[in-house]
Amino acid sequence: DDIANLLLLSGSLTAERAAVSGDACVTGGTAGIGLLLDCPRLVCRGGEVVLREGWGFMDAYKDTVPTVLLTGGTLTTEAWMPENIVYQLWEGTITAPGIRCWPETHVLSDTVTIVDPLDAEAADE
């Protein structure tokens, strides 16, 4: 019933900061965002999403429990994400440092690929 405040169907979106103040949905194209702000739900259905600096909330949203719904495409985070994010992973690829340590990561099918760069670093030592 909700309509996303940010919807990317194709093409490219690049921003240092994206204050969404609502849901974001990427179904195609590429979104390269430094810091995602005030986005309670990030839905990845296709395409590629890269969060370089992470995900944050202003005081008005501090009680929000953010959620990632990965049903396709690729989500890459280059920064350690807040541990209160709930990850519902159905299909696609997620690359994030420390994801295997996060308490609310739910792998819901065998069509999800999880890449934790910290695991690779530990294997190199």
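Buried means under 20% relative accessible area, exposed means over 50%, and partly exposed covers the values in between. The model shown in these views is predicted.

**View 1. D38, a residue with positive phi in the loop between β4 and β5.** The relative accessible area of D38 is 6%, which is under 20%, so D38 is buried. Its phi is near 55°. That is a positive value in a residue other than glycine. The loop that holds D38 runs between β4 and β5, with β5 spanning 41-44.

**View 2. S21, a residue with positive phi in the loop between β2 and β3.** Phi of S21 is near 55°, and S21 is not a glycine. β2 covers 12-19, and S21 sits in the loop between this strand and β3. Relative accessibility is 39% here, so S21 counts as partly exposed. The value falls between the 20% and 50% cut-offs.

**View 3. The largest cavity and its lining.** The structure holds one cavity of 30 Å³ or more. The volume of the largest cavity is about 50 Å³. Its lining consists of L6, A24, V26, A31, I33, L36, L42, V49 and L51. Three strands, β3 (24-26), β4 (30-37) and β6 (48-56), supply at least two lining residues each. β4 gives the largest share, with three residues.

**View 4. Parallel pairing of β4, β6 and β7.** β4 and β6 pair in the parallel sense. Seven bridges join β4 and β6. Within this part of the sheet view, L35 has G54 of β6 as its bridge partner. β6 also pairs with β7, again in the parallel sense, over four bridges. There, E48 has T74 of β7 as its bridge partner.

**View 5. W55 in strand β6.** W55 belongs to β6. Its relative accessibility is 5%, so W55 counts as buried. L37 lies 18 residues away from W55 along the chain. The C-alpha atoms of W55 and L37 are separated by 5.9 Å.

**View 6. The aromatic cluster of W80, Y87 and W102.** A pair of aromatic rings is described by the distance of the centres and the angle of the planes. The count of aromatic pairs comes to three. One of them joins W80 and W102. The ring centres of W80 and W102 are 6.0 Å apart and the planes stand at 90°, so this pair is edge-to-face. W80 lies in the loop between β7 (67-77) and β8 (86-95), and W102 lies in the loop between β8 and β9 (105-115), so the pair ties together parts that are 22 residues apart in sequence. Is W80 buried, exposed or partly exposed? W80 is at 42% relative accessibility, so it counts as partly exposed. W102 is at 4%, so W102 counts as buried. Y87 and W102 make a stacked pair, at 5.0 Å centre to centre and 15° between the planes. Y87 is in strand β8 and W102 in the loop between β8 and β9, so their pair ties together parts 15 residues apart in sequence. Y87 is buried, like W102. W80, Y87 and W102 form one cluster.

**View 7. Cysteines without disulfides.** The structure holds zero disulfides. For C25, the nearest cysteine sulfur is that of C44, at 8.1 Å. The cut-off for a disulfide is 2.5 Å, so C25 is in none. C25 is at 11% relative accessibility, so C25 counts as buried. C101 is at 57%, so C101 counts as exposed.

**View 8. I114 in strand β9.** I114 is a residue of β9. Its relative accessible area is 19%, which is under 20%, so I114 is buried. G46 is 68 residues from I114 along the chain. The separation of the C-alpha atoms of I114 and G46 is 16 Å.

Notes: Residues are numbered from 1 along each chain as its sequence is written. This is a predicted model: local features need pLDDT of at least 70, side-chain atom pairs count only at pLDDT 80 or more; totals for chains, interfaces and linings use all residues. Side-chain values use heavy atoms; hydrogens and water are left out. On a 1 Å grid over the protein atoms alone, a cavity is a set of points where a 1.4 Å probe fits but cannot get out, and a pocket is an open set with protein on both sides within 12 Å along at least five of seven lines; lining residues have an atom within 4 Å of a point. Grid points are joined across faces, edges and corners, and a volume is the space filled by probe spheres set on the points. Rings of Phe, Tyr and Trp (its six-membered ring) pair if their centres lie within 6.5 Å; planes under 30 degrees apart count as stacked, over 60 as edge-to-face and the rest as tilted. Buried means under 20% relative accessible area, exposed over 50%, partly exposed in between (1.4 Å probe, protein chains only). Two strands pair if DSSP finds at least two bridges between them.
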